[in-house]
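The sequence and structure come first.

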Amino acid sequence: SNNQTLSGATGFDYVIIDKPLGTFTLLSNMTVNQTLTFTALNAANIITGTNKVSLSSTGSVSRNSGYIQGNEQRNFAVGSAVSRTFDIGDATNYTPVNLTFATVSGAGDVLASTANTDQPQLASSLLNPAKSVNRYWSLTNSGVTFSTYDISLNFVAGDLDGAVSTSNLKLGKYNGSWTYPTLGSITSTSVQGTGINSFSDFALAECLTPLVTITNPSAVCSPSTIDLTSASITAGSDAGLTFSYWTDAGATAALASPNAVSVANTYYIKGTNAAGCFDIKPVVVSFNTSPQITSTPSPITQNNDAGNCGAVVTYAAAIATGTPSPTLSYSQNSGTNFSVGTTNVLVTATNSCGSVNSNFNVTIIDNTPPSISFSGIGGTNLSSSFNVSGSGPNNAVNAIAQQSDGKIIIAGSFTSYNGST
């Protein structure tokens with residue numbers, strides 16, 4: 001039950017830890033060639049400090065209660081699917097590491113330890129220190145030649161920040177810079193990383209949501225298309241994101257041909273960083289359309305205005321569609337004077353996608369009866385009795401002649417003149 005230390009000759013075939021009370025501390029390295037046993041009644045850990053417990057190629061651990069509080073080294077022999085468990089933890093909790101090499105072509109050792117705090121460089125990662133497992137694991141390779149390995153990192157509920165959802169945990173690997181191994185299985189107290197090819201520190205935390213900034217593309221004229229993969233649309237987003245394109249806000253239905261979108265709609269862009277952290281933002285695609293004139297004024301016919309060889313004509317505006325709304329122009333505007341005869345009015349609708357024309361006719365009829373006014377013919381004054389004022393003839397005048405006495409004779413299809421028959 002007393003506290004114990006171990007120093008000096010520290011190579012053993014069998015070691016049994018059976019201490020219901022007290023501590024067991026290494027003052028030098030200890031090697032176990034056969035079995036290290038922690039009994040069911042044991043309550044002590046092996047405290048290594050800066051030393052280590054080494055399990056040789058034939059060594060193993062049998063434990064019920066207790067573990068290695070500090071550094072444990074395990075040997076890996078040549079073979080396939082070579083697996084070892086590191087029975088490590090801190091002063092309070094057992095938080096082992098399970099390591100499986102796909103293939104080992106050269107035997108060697110791996111050293112593992114854990115600390116119940118965030119990895120010191122976690123704030124420089126893509127992960128959220130405020131939503132982390134407050135623990136990290138350190139593994140060092142010594143001579144193992146291998147292809148890849150899978151690792152399972154075990155923790156306790158007390159390691160979690162209060163807001164953590166373990167299903168959202170990501171695995172970060174720090175070796176001077178951060179990388180993010182592919183995740184395998186995740187449970188409420190463990191996370192697996194797969195296909196890893198080097199050793200370093202490992203940390204677990206939820207994502208920091210990356211910044212995804214979207215600028216809606218400018219509308220183009222149909223049938224042109226819009227390229228949602230253009231860098232200008234995601235300019236201002238975090239560097240290093242991989243973008244994907246979707247038709248729904250949950251990013252479950254991929255957008256076909258995002259580089260040639262032809263249908264106006266709200267789509268979604270998902271930006272994902274190296275840790276697998278992402279954000280999804282909407283992007284609005286719109287198109288302009290060429291103008292179309294859907295209605296022009298009906299043909300207009302009206303008499304000339306009194307005392308005017310024409311008439312001021314007012315007509316309703318034409319109607320045109322298109323995006324943006326087209327502007328309308330006319331070859332002769334409403335409210336202006338139209339000459340006697342027929343004028344063809346050209347209507348033009350214009351927007352950023354082009355222009356289109358239509359037309360309608362305005363006809364002005366000269367409805368003023370003719371009148372004759374002479375100051376004299378052939379140097380002879382008209383008879384003062386020839387009154388050219390009044391309503392004049394009531395029909396066409398086809399001929400005019402002057403008599404020798406200066407009077408004027410008119411002939412035609414009229415039957416009265418100034419109301420006299």
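Cysteine 221 is partly exposed, at 24% relative accessibility; buried stands for under 20% relative accessible area, exposed for over 50% and partly exposed for what lies in between, with a 1.4 Å probe and protein chains only. The model is predicted, so local features need pLDDT of at least 70 and side-chain atom pairs count only at pLDDT 80 or more, while totals for chains, interfaces and linings use all residues. Residues are numbered from 1 along each chain as its sequence is written, and side-chain values use heavy atoms, with hydrogens and water left out.

The partner of cysteine 221 is cysteine 353, and their sulfur atoms lie 2.1 Å apart in a disulfide (a pair of cysteine sulfur atoms within 2.5 Å). This pair links distant parts of the chain, 132 residues apart: cysteine 221 belongs to strand β20 (residues 220-221), and cysteine 353 to the loop between β30 (341-351) and β31 (354-365). Strands here are DSSP runs of E with at least two residues, numbered from the N terminus. The torsion about the S-S bond is about -100°, so this disulfide is left-handed.

By the distance rule the count comes to 2 disulfides. The other one joins cysteine 207 to cysteine 277, with an S to S distance of 2.1 Å. Cysteine 207 sits in strand β19 (residues 201-207) and cysteine 277 in the loop between β22 and β23, so the bond ties together parts 70 residues apart in sequence. This link is also left-handed, with -85° about the S-S bond. Counting bonded cysteines along the chain, the pattern is 1-3, 2-4.

| Cysteine | Relative accessible area | Class |
|---|---|---|
| Cysteine 207 | 22% | partly exposed |
| Cysteine 277 | 1% | buried |
| Cysteine 353 | 18% | buried |
| Cysteine 309 | 59% | exposed |

Strands β21, β22 and β23 form, in that order, an open sheet of 3 strands with antiparallel pairing; two strands pair if DSSP finds at least two bridges between them. The edge strands, each pairing on one side only, are β21 (242-246) and β23 (278-285). Strand β22 (residues 265-272) is joined to β23 by 8 bridges. Isoleucine 269 stands opposite lysine 281 in β23.

Elsewhere, serine 113 is part of strand β11 (residues 108-115). Serine 113 is buried, at 18% relative accessible area. Leaving out residues up to four places away in sequence, serine 113 touches Gly70, Asn71, Ile88, Tyr136, Trp137 and Ser138, where contact means heavy atoms within 4.5 Å.

Terms used: Helices (H or I, at least four residues) and strands (E, at least two) are DSSP runs, numbered from the N terminus.
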